[in-house]
Amino acid sequence: MASLPAPSQLPPRPRLIDREAAIAELDGLREDAADVPVTVLITGSVGVGKSVLALSWAHMIRSYYPDGQLYAELRGHSDRAPASPQEVLGDFLHALGIPAELIPGEPAQRAALYRTVTHDQRLLVVLDDALTAAQVRPLLPASPTSVTVVTSRHRLTSLLAQGARGVYVDRFDAAASLAFLRDTLGSDRVDRQREAASELVELCMRLPLALSVAAARLAARPSWPLREVVTALAEEQRTLTIGDDMAVRSALDLSYRALGPETARLYRYLALVPGSTFGGDAVAALADIPRLEARRLLGELTDANLLTDISDGRYRFHHALVRLHAAQLAEAEDQREAREGAEGRLLAWYLATAAHAERQLRPYRTGLPRDAEPPPAEPTDFGGPQDALGWLAAERANLSAAVTLAHTRGREVSAWQLADSMWSLFLYMGHQVERVGVEETGLAAARAARDPYAEAKMLNRLGLSLYDLGRYDDAVERFEEALQIWRRLGERGREAGSLRRLGLVSAARGDHEVAIARFTASIAMYRESGADRQAALGLTDLAGVLVAQGRGSDAVIHLEQSRRMLSEVDDLYNRARVGLLLGYAHVNQEQADRELRSALEIMDQLGSSVGRAAALEGLGELAERTGRPEEAHHCYEMALEVLGEAESATYLRLRGRLDHLS
């Protein structure tokens, strides 16, 4: 049976210095365990390098856990709310290959399913920055051959009482601290200024995070004497209250005060970004500066070790404490109006750019959201549909977070329009569970805005998401609500759309005659209002029911008519869908194969994982009914691999096909 690749979620391996004893202790705990799951709790003060140790060791031992490595930031000490076990369990179950429709909503049921799935797997799980033992317990895998690594500032005594083994991480000793400085600044520079280097080490309390921030400032200024930073850091610490984070806070404050005014302003504003990563274009909109200037300032913050350059021109805060530091500064130094203005510019940029990506992917769409205020000074352009889809995929987490942020801030129009502008991403790539959450927020925003048109639109969007998850009763409820609104508004074309969607549910349930009646009625209404493209889609859906009834010849007639109508429209995706159905409908095997392969090529060109999986499933079905089971098996396996995280009823159906062949 085909399966998704084993999850490999560990962040990149960090630099590790002078933790040989801790690594040996961790290795011993893993090797001594027999027939019981191993849970290791790494504790220590703020900035001591708990996460660096956990990730470094995880990379060292990952080859022993072939069933996968799972990773989650639990946000125990962040400016954002701690991650809930339910949220993390959903992500873990998805990564382990559980279809979305099989993941329960109740936390206890999710935890039980997680224990079942992990019972006989060799897994490595890293849970970073835990706040409580209750946050950790549901995330522990059940397998006796698994290892879980938890980091926390707190000694989670109830977790230890249940068998977890504790490893305490202390600060560097003086020698290791100097070795860290030599690694960053060079041996000659440190050894020539040994006395100042030793003082710097003690002012940083020999904490790796504080040392890395201070050293980054010196590395960017090779001619600076170390004594200058020592003097400044000592002055900073005189104004702080003694505590675990004194050295870290003083090092961050020192680096912050060394920034130029524009760089410091950007540092504060970056804490307003709703997601965890950001690119230069978004940052330019946030700070209302040119893109080149944004990239220059991001480079300065990276050189100061406040940001990390991850890949493809994207950045993130170096540590959760750094983001929290920036957030506290923004609250203290920036007026509320300035912060709200920055958030508004960022949301407007996301909305305008997502809508532009929509135009690239579906140029036939009318009535796209255009209410972004203020409009971006430098809108992002795309070279073509693939670039647009790539941008939507890269920004998916940030766009989802932006929908929530806009709704939370009362920017209801932006919230529902952002949700609407993500439609192509979900259509082409799936992500069905996340999609439901986004569209539920969009619906709530549309209702809060008292906009019945937007409400009905989001009801249709949400209904389709629920339909794709196989939640047919819930989908019907949303479609019928939308239908009533369209009728009140006198929107005949939109009314036909809801009727057509109800036909999709009937077809999925096997109520073919009801589906045919609804499709036929919607096609007539579309033609009445001159909506030829929508009428073509209705004909395509009608043909799908006829194929399911074994009436392939009748289906071909409707599909050829739909193809002619779509030939006048720039809608490559739906033309490929017509080809897919023709592949199912044609009796002639060569013609069916040709249609399916042509559709596969187009879906590949568009970058649609959902479309590629559908074409591969069609080729597998054709191979199966023409007596080529091995080829069918291969096609179904490829379809599952392509589908990846695109959770839908398709996933379960493909599993069923493979089971049948086996």
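**Exercise 1.** Find the residue in β8 that stands opposite Phe-278, then describe how β6 and β8 pair.

*Solution.* Start at Phe-278: Tyr-315 in β8 stands opposite. Next, look at the strands, which are DSSP runs of E with at least two residues, while helices are runs of H or I with at least four, both numbered from the N terminus. Strand β6 covers residues 278–279 and strand β8 residues 314–317; they pair in the antiparallel sense over two bridges. Pairing requires that DSSP finds at least two bridges between two strands.

A word on the model: it is predicted, so local features need pLDDT of at least 70 and side-chain atom pairs pLDDT 80 or more, whereas totals for chains, interfaces and linings use all residues. Residues are numbered from 1 along each chain as its sequence is written, and side-chain values use heavy atoms, leaving out hydrogens and water.

**Exercise 2.** Work out how β7 is joined to β8, and name the bridge partner of Thr-308.

*Solution.* First, β7 (residues 307–311) runs antiparallel to β8, with four bridges joining them. Then, Thr-308 has Arg-316 in β8 as its bridge partner. Finally, the hairpin of β7 and β8 has two residues between the strands, and Asp-312 takes a positive phi near 55° there.

**Exercise 3.** Identify the residues that Tyr-472 touches, not counting those up to four places away in sequence.

*Solution.* Begin with the location: Tyr-472 is found in helix α24 (residues 472–489). Now list the contacts (heavy atoms within 4.5 Å): Tyr-472 touches Tyr-467, Val-505, Ala-508 and Arg-509, with residues up to four places away in sequence not counted.
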